[in-house]
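Please work through the exercises below with the sequence and the structure at hand. Each task is followed by a stepwise solution.

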Amino acid sequence: MQIEERNGRYFLKLKMPIFTKKEVNIWIKNDELIIELPSFRRNIFLPYTLVTSKIKEAKLNDGVLTIEFEKTKQD
């Protein structure tokens, strides 16, 4: 797992070499990123910076799932 910050956005990258885009479902529940695949589910505790962000987009290219997070304004 790798996290990068570029232009005020965060990108989380995970290797998923044997799955297709149609097989991958992702969502956030509280402080966890949940990735559901046909054979299993993976829960990843997110760092605080990502917990307070929203998922903007997810892409699966060449066996790498890239999830783009957009920073949200804090009160």
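Predicted model: local features only at pLDDT ≥ 70, side-chain atom pairs only at ≥ 80, totals over all residues.

Residues are numbered from 1 along each chain as its sequence is written, and side-chain values use heavy atoms, with hydrogens and water left out.

**Exercise 1.** Determine which side chain makes a polar contact with the side chain of Glu32.

Solution. Step 1: locate Glu32, which belongs to strand 4, residues 32–36 (strands are DSSP E runs of at least two residues, numbered from the N terminus). Step 2: examine its charge. Glu32 is buried and has no salt bridge, and Lys29, the nearest side chain of opposite charge, is 7.0 Å away. Here buried means under 20% relative accessible area, exposed over 50%, and partly exposed in between, with a 1.4 Å probe and protein chains only. A salt bridge requires a side-chain nitrogen of Lys or Arg within 4 Å of a carboxyl oxygen of Asp or Glu; Lys and Arg count as positive, Asp and Glu as negative, and His and the chain ends are not counted. Step 3: identify the partner. The side chains of Glu32 and Asn43 are joined by a polar contact of 3.0 Å (N or O atoms within 3.5 Å, one able to donate a hydrogen and the other to accept it; residues adjacent in sequence count only if both atoms are side-chain atoms).

**Exercise 2.** Classify the aromatic pair that a search of the whole structure finds.

Solution. Step 1: the search finds 1 aromatic pair. Step 2: Phe19 and Phe40 form this pair, at 6.2 Å centre to centre and 70 degrees between the planes, which is edge-to-face. The criterion is ring centres within 6.5 Å, with planes under 30 degrees apart stacked, over 60 edge-to-face and the rest tilted. Phe19 lies in the loop between strand 2 (9–15) and strand 3 (25–29), and Phe40 in the loop between strand 4 and strand 5 (41–45), 21 residues apart. Step 4: compare accessibility. Phe19 is buried at 17%, whereas Phe40 is partly exposed at 40%.

**Exercise 3.** Is Leu14 buried or exposed?

Solution. Step 1: Leu14 is situated in strand 2. Step 2: its relative accessibility is 3%, so Leu14 counts as buried. Step 3: beyond neighbours within four places in sequence, the contacts of Leu14 include Ile35, Ile44 and Val64 (heavy atoms within 4.5 Å).

Technical notes. Helix = DSSP H or I, 4+ residues; strand = E, 2+ residues; numbered from the N terminus. Phe/Tyr/Trp six-rings, centres within 6.5 Å; stacked < 30°, edge-to-face > 60°.
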